[in-house]
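Here is a short briefing on helix packing and charged pairs, to read alongside the model. Have the structure open and follow along.

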Amino acid sequence: MDIPSLKYIKSYLYQRKQKFRINNTSSTWTDILFGVPQGSILGPLIFNIFICDLFLFFPDINIVGYADDNTPYSLGQNEDQVLNEIKSASENLLSWFQDNYMKMNPDKFHLLLSNRKELKINICNETISSSKHEKLLGVTIDSKLSFEEHINNLCKKASQKVNALARLASLMSFDQRKLILNSFITTHFSYCPLVWMFHSRHLNNKINAIHERALRIIYQDYKSSFQELLNKDNSPTVHQRNLQKLVTELFKIKIGEAPEIMNEIFQIEERPYNLRNEVFVKRHNVRTVRYGTEAVSFLAPKIWDLVPEDCKNETDLIAFKEKIKNWIPDSCPCRICKKYVQNLGFL
């Protein structure tokens with residue numbers, strides 16, 4: 001079939017060659033038989049088209065993929081079931097990559113289980129031991145889903161930059177110091193906050209301490225309280241900003257502009273009868289006192305209820321974002337925002 005667009009793509013991929021050079025020595029030219037050109041605009045698109053076959057060949061395998069990062073997972077009632085499913089899925093994926101001229105290295109595989117015991121799994125003669133935490137797409141996930149390791153790493157990086165800012169603050173103008181704060185310090189806590197934002201009060205205090213110290217350096221103010229510094233800066237805390245991002249994602253779902261995966265996590269329910277807010281986030285039932293009550297899918301509907309009606313009634317995303325910047329949630333139900341009452345605890 002003589003289709004110009006196919007001929008165009010073929011000419012882009014066909015008869016390409018490569019060679020290597022080390023110092024003044026070069027190899028001979030070799031034909032590229034598979035893969036896509038590195039550093040090109042079309043490269044990522046063509047690779048995504050190629051890798052999508054993986055999910056079509058194994059519809060029964062639980063796998064999440066982002067570009068060339070593919071992670072099989074399993075849910076089960078016992079360790080043997082989970083390990084057997086992971087082993088079978090990994091071996092099938094290895095076969096697919098080999099058949100498609102791609103290489104996966106079992107010696108670089110990692111195993112993460114929600115179990116305190118150290119377990120092992122054998123894949124293609126490689127023994128893989130379970131670990132307490134692993135980094136996945138920039139987020140360190142631990143076996144308890146506490147995200148303590150991840151947030152400690154964020155705090156360490158942000159604190160190092162606050163130290164550098166403190167040394168150079170006297171040589172910089174206010175605008176320059178403010179730019180450093182917004183571009184290099186608080187941004188550490190802006191990556192994937194919906195994954196880890198409902199962590200412990202201890203970790204939140206650690207983040208606030210770094211934020212407070214940075215604000216003191218910016219304004220050269222060492223007497224005001226943290227809240228007074230926030231008022232002076234006209235900014236929320238990191239946690240409050242993350243709550244704003246959460247409700248922004250819910251608003252995207254409401255107006256139909258959210259990715260498909262967000263519609264699976266946060267389900268929108270419409271009722272046949274008229275209410276002040278016809279569309280709202282579906283509530284998830286939790287049958288325990290503790291477990292599941294700090295999940296983002298459980299807390300999201302309660303936090304959405306706190307959003308002012310004039311924000312909920314917006315139809316434009318940009319207008320919603322502008323309004324929500326000035327929203328400081330009151331009586332947030334998460335454990336970070338609960339107030340401590342003497343002799344009673346956190347309420």
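**Around D221**

D221 is buried, with a relative accessible area of 10% (buried means under 20%, exposed over 50%, partly exposed in between, with a 1.4 Å probe and protein chains only). This is a predicted model, in which local features need pLDDT of at least 70 and side-chain atom pairs pLDDT 80 or more, while totals for chains, interfaces and linings use all residues. Residues are numbered from 1 along each chain as its sequence is written, and side-chain values use heavy atoms, leaving out hydrogens and water.

**Salt bridges**

- D221 pairs with K232 in a salt bridge, with the closest N and O atoms 2.7 Å apart (a side-chain nitrogen of Lys or Arg within 4 Å of a carboxyl oxygen of Asp or Glu).
- D221 sits in the loop between α8 and α9 and K232 in helix α9, so the pair ties together parts 11 residues apart in sequence (helices are DSSP runs of H or I, at least four residues, numbered from the N terminus).
- K232 is partly exposed, at 42% relative accessible area.
- R216 and E212 also form a salt bridge, their closest N and O atoms being 2.6 Å apart.
- R216 is buried at 14%, whereas E212 is partly exposed at 23%.

**Packing of α8 and α9**

- Helix α8 (residues 201-219) packs against helix α9 (residues 226-233) at an angle of about 55°, with axes 10 Å apart (axes are lines fitted to C-alpha atoms over the stretch in contact, and angles run from 0 to 180 degrees between N-to-C directions).
- Residues making the contact include R216 of α8 and K232 of α9 (contact means heavy atoms within 4.5 Å).

Methods
Helices (H or I, at least four residues) and strands (E, at least two) are DSSP runs, numbered from the N terminus.
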